[in-house]
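Open the model in your viewer and keep the selection tool ready. The stops below follow one another.

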Amino acid sequence: SAEAFKNYRWNVVLARIYAARGELENAVRNYQAAIRNQPEMPELYLAVAEIETRRNNFDAALKNLDEVLTLTGDAPAHVKK
């Protein structure tokens, strides 16, 4: 993924694999790498929020949800979350 300059998809694939295997720290790390390449994608922040919730790290989950609300202009679907 380090060689895939500006291609966030590799990091998303790796993050999903890590999440499926229960390696949540590595999953978050890869989603954050994807966010550095594509900071305008709310889906990435939602994925991190979900993993952080699974890890009982609610402060980080809320931080990511706040970013989603900022990016989407307080979209009702995300406000509900």
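Is Asn30 buried or exposed? Select Asn30: its relative accessible area is 11%, so Asn30 is buried (buried means under 20% relative accessible area, exposed over 50%, partly exposed in between, with a 1.4 Å probe and protein chains only).

Before moving on, note that this is a predicted model, in which local features need pLDDT of at least 70, side-chain atom pairs count only at pLDDT 80 or more, and totals for chains, interfaces and linings use all residues. Residues are numbered from 1 along each chain as its sequence is written, and side-chain values use heavy atoms, with hydrogens and water left out.

Asn30 lies in helix 2 (helices are DSSP runs of H or I, at least four residues, numbered from the N terminus). Leaving aside residues up to four places away in sequence, Asn30 touches Asn11, Leu14, Ala15 and Tyr18 (contact means heavy atoms within 4.5 Å).

Next, select residues 24-37, helix 2, and residues 42-54, helix 3. Their axes come within 10 Å and cross at roughly 160 degrees (axes are lines fitted to C-alpha atoms over the stretch in contact, and angles run from 0 to 180 degrees between N-to-C directions). The two helices are therefore roughly antiparallel to each other (an angle over 145 degrees).

Now show the side chains where they meet.

Last, select Met41, in the loop between helix 2 and helix 3. Met41 counts as buried, at 18% relative accessibility. Met41 touches Tyr8 and Leu71, not counting residues up to four places away in sequence. Met41 and Leu71 are 30 residues apart in sequence, yet 7.9 Å apart in space, C-alpha to C-alpha.

How values were computed
Angles under 35 degrees count as roughly parallel, over 145 as roughly antiparallel, 65 to 115 as roughly perpendicular and the rest as oblique.
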